[in-house]
Amino acid sequence: MSSQVRLSLLPRARCVFDEPVQVKVAGLRSRQMVTLRARSTDEKGVVFSSSATFRADGSGQIDLERDPSLGGTYTGVEPMGLLWSMRPDALHKRFQRTKSLNAHVVKISVHEEEEEEGDEEDRMLAEATNERLLIGDGVIRRTVREGNIRGVLFTPAGEGPFPAVLDLYTGGGLSEKRPSLLASRGFVVLTVALYGHSDMPRNIREVHLDYLEEAVEFLKKQYKVGGKGVGVISLSKSGDLALSMASYLQGVEAVVWINGCSANTILPLYYKKSQILPALMVDLSKLIPTESEAFNTKKVMNDPRAEENEATLIPVERAEGRLLFVAAEDDLNWDSKAYVDMMVERLQRHGKDNFEIVCYPGAGHYLEPPYGPYCPSSFHSVVGGPVLWGGEARSHAAAEVHLWKKIQEFFRTHLICDAD
């Protein structure tokens, strides 16, 4: 490494996952061309990497907040482009960082192309490590095994009271990333597993709303929780569960629905030992194969408006809490925007206005906390193979930054914290 070249990560190299860092290089030759690289390994051992080529200014400096990438995994001025443009070293892999106590460690380095013939390796001029924490200072993580509930509770530092949020993860097991980050921003957050975790069954054939009701009641009783109700945040399949909670249960004051469906999907929904919603199913004959060997599944769900499927539609007009509908317009998992339109039409027909809508052109299905690697395709358990999630990396990354702030504002506005 060159002793002259300095790579800086500002304001600090150790930060929370959802915080941006400013990447700067100094000590280069005037107008020198270099390549910056980022590399990280997820908890499944998959390596993700990115690169971007820059030309230093007249004083030998590069600032990613000012200078455009001239080529690589992204181009243009994108201060966090090295992080969101990281790609896996194998096809159809989604970045896995689900355990809150494990930081996302990114090695960033500066390289100069060697001009000597026969040298295949370029010379590394400087290196720095960005440690991106999933859990902020003072946040308490507690494993929950009470009654039927299996999950993890995150409580912020400070006296509170804090708004309470139930985070519904899509799929089996648990993902702690979003709930731990929300707790780091001042929310008491409980995330629960539906199956595939601890002593729970590996798979299920139905969902019982009573379990989620138990989770709401547990969360409301927690130390530092303010207010009489809770918020619910969801994504994909868990979106319809969140809407059903708002429609059938007491105490759900605010719901964030991200790229879900307007009907109860895949698994029938039960409450108090009776089925309340049958399942809207898929027609796998509508899978569209692509050259990447990942399927386009946008038209695979049966139409919930068809007469034979109307019973699967969630009676969202029953919801008394506030609803935030978030739709990625390039979602290829299913037509999230069309489902939003259906729900808005239904709500307005019943004279309801307790909702707001945010749409993101160019974004794909998996809208998550910002600055993680964009995922164009990965394995889908229902399909049994890789599927396209949609979106374009730059637009998707920008949507995640905007949405993360919007989610926090929405919950703070509609989850009233009474100091008593």
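Modeller: Let me begin with a definition: helices (H or I, at least four residues) and strands (E, at least two) are DSSP runs, numbered from the N terminus. In those terms, H365 is found in the loop between β20 (355-360) and β21 (377-380). This is a predicted model, in which local features need pLDDT of at least 70, side-chain atom pairs count only at pLDDT 80 or more, and totals for chains, interfaces and linings use all residues. Residues are numbered from 1 along each chain as its sequence is written, and side-chain values use heavy atoms, with hydrogens and water left out.

Colleague: Why is H365 called buried?
Modeller: Buried means under 20% relative accessible area, exposed over 50%, and partly exposed in between (1.4 Å probe, protein chains only). H365 has 0% relative accessibility, so it counts as buried. S236, in the loop between β15 (230-233) and α4 (237-248), has 10% and therefore counts as buried too.

Colleague: What makes S236, D331 and H365 a group?
Modeller: The UniProt annotation "active site", from an unreviewed entry, covers these three residues; UniProt positions are given in the numbering used here, feature names are shortened, and annotations may be inferred rather than shown by experiment.

Colleague: What makes the pair of H365 and D331 a polar contact?
Modeller: A polar contact is a pair of N or O atoms within 3.5 Å; within protein, one must be able to donate a hydrogen and the other to accept it, and residues adjacent in sequence count only if both atoms are side-chain atoms. The side chains of H365 and D331 make such a contact at 2.8 Å.

Colleague: How do you know that S236 is in contact with H365?
Modeller: Contact means heavy atoms within 4.5 Å. Leaving aside neighbours within four places in sequence, the residues that S236 is in contact with include H365, T170 and N259.
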